[in-house]
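Hello,

Here is the structure I promised to pass on. Please open it first, then read my notes below.

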Amino acid sequence: MRKVLTIAGSDSGGGAGIQADIKTFQELEVFGMSAITAITAQNTLGVQAVFPLTPDAVAEQMDSIGTDMGTDAIKTGMLFNGEIIQAVSGKIKQYGWTNVVVDPVMIAKGGASLLKLDAISALKKYLLPISTIVTPNIPEAEELTSMKIESLEDKKEAARRLIDLGVKNAVIKGGHDTDPLKSNDLLYDGVNFIIFESDRIQTKNTHGTGCTFSAAIAAELSKGIQIEKAVKTAKDFIQAAIEDQLYIGLGHGPTNHGAYRKSLRETRI
Ligand SMILES: Nc1ncnc2c1ncn2[C@@H]1O[C@H](COP(=O)(O)OP(=O)(O)O)[C@@H](O)[C@H]1O
Ligand SMILES: Cc1ncc(COP(=O)(O)O)c(N)n1
């Protein structure tokens, strides 16, 4: 059984953060573990409160994994501040962990800040250079590269700038794109650009899509699967999860993490 560690925030609503990651790991048949960075009081209407943990508390959770179980891949989500980013980066280096997927979570869909502004430089300085892939949405990619993204050419330029920061691969996600019909993601491995196309699903229930997508990439990388194939599976996983709607809560509801495996079972029958 391959093992995957998520280092992220807890979402009491169960649709994003640690909860989305662990559900995704389970569905993709890997053993999920967690180091919690912050506890959020959150539901489909927004984030009501954030309680960050100390960098030491995060580091100790990582030590617990590192000194016993080990991990085949890591996914980082909400890291909240520069001190936690430094602690996480230090531990990844100390244990020599590879297959590091960084979802540079900055702002929740309702507008709440999940990363302090001054932490962006720490993300660029400490974490991206030791990462396998970074998975920003369009506003996050704009923030990391200090440029506006309005076209495919802009996305390509932003992806190049991300690789220049030392990360091996970058995928710029299309959820925030202005295209009303498509939600395409662009992967760049430093040599080739690959577009993962999908139809945009008309729904407000997209809470946790980015968390789920990056967790799925980490799960696949832990199995020794190559980046392009891992991103393809993650894209299929999130498309199925958004499509098979749950209608939970009054606001931006969660996706259905069981939908991808259900669709595989149905195609087998
Ligand atoms: N309405 C939608 N229809 C289809 N795919 C979507 C939709 N919204 C987001 N996605 C997909 O979900 C994943 C997460 O994207 P995005 O919403 O941009 O991330 P984030 O949650 O970090 O803001 C990407 O693969 C994106 O293409
Ligand atoms: C604890 C936590 N982590 C991350 C997100 C971002 O969620 P999304 O994937 O919708 O951008 C969130 N709302 N809460």
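UniProt, in an unreviewed entry, places the feature "domain: Pyridoxamine kinase/Phosphomethylpyrimidine kinase" at residues 11–256. UniProt positions are given in the numbering used here, feature names are shortened, and annotations may be inferred rather than shown by experiment. Over residues 11–256 the chain is 41% helix and 17% strand. The end C-alpha atoms of that stretch are 16 Å apart. Helices (H or I, at least four residues) and strands (E, at least two) are DSSP runs, numbered from the N terminus.

This is a predicted model: local features need pLDDT of at least 70, side-chain atom pairs count only at pLDDT 80 or more, and totals for chains, interfaces and linings use all residues. Residues are numbered from 1 along each chain as its sequence is written, while chains are lettered from A and ligands numbered from 1 in the order in which they are written.

Confidence comes next. pLDDT is the predictor's confidence in each residue, from 0 to 100. The protein chain has a mean pLDDT of 96, and 100% of its residues reach 70 or more. The model scores ipTM 0.98 and pTM 0.98.

Now the ligands. A residue is near a molecule if its C-beta atom, placed from the backbone, lies within 6 Å of it. Ligand 1 is surrounded by 19 residues. The closest are N137, K173, G175, S183 and G210. Helix α8 gives the largest share of this shell, four residues. By class, the shell has four nonpolar, 11 polar and four charged residues. (Ala, Val, Leu, Ile, Met, Phe, Trp, Tyr, Cys and Pro count as nonpolar, Asp, Glu, Lys and Arg as charged, and the others, Gly among them, as polar.)

Ligand 2 has 18 residues around it, and G9, A16, G17, A108 and G210 come nearest. At least two shell residues each come from β1 (3–11), β2 (31–43) and α7 (209–222). Seven residues of this shell are nonpolar, nine polar and two charged.

Last, a helix pair. Helix α8 (residues 227–243) and helix α9 (residues 259–268) pack at an angle of about 100°, with axes 7 Å apart. Axes are lines fitted to C-alpha atoms, for helices over the stretch in contact, and angles run from 0 to 180 degrees between N-to-C directions. So α8 is roughly perpendicular to α9 (angles under 35 degrees count as roughly parallel, over 145 as roughly antiparallel, 65 to 115 as roughly perpendicular and the rest as oblique). By class, their contact has five nonpolar, one polar and two charged residues; two residues are in contact if their C-beta atoms, placed from the backbone, lie within 7 Å.

Best wishes
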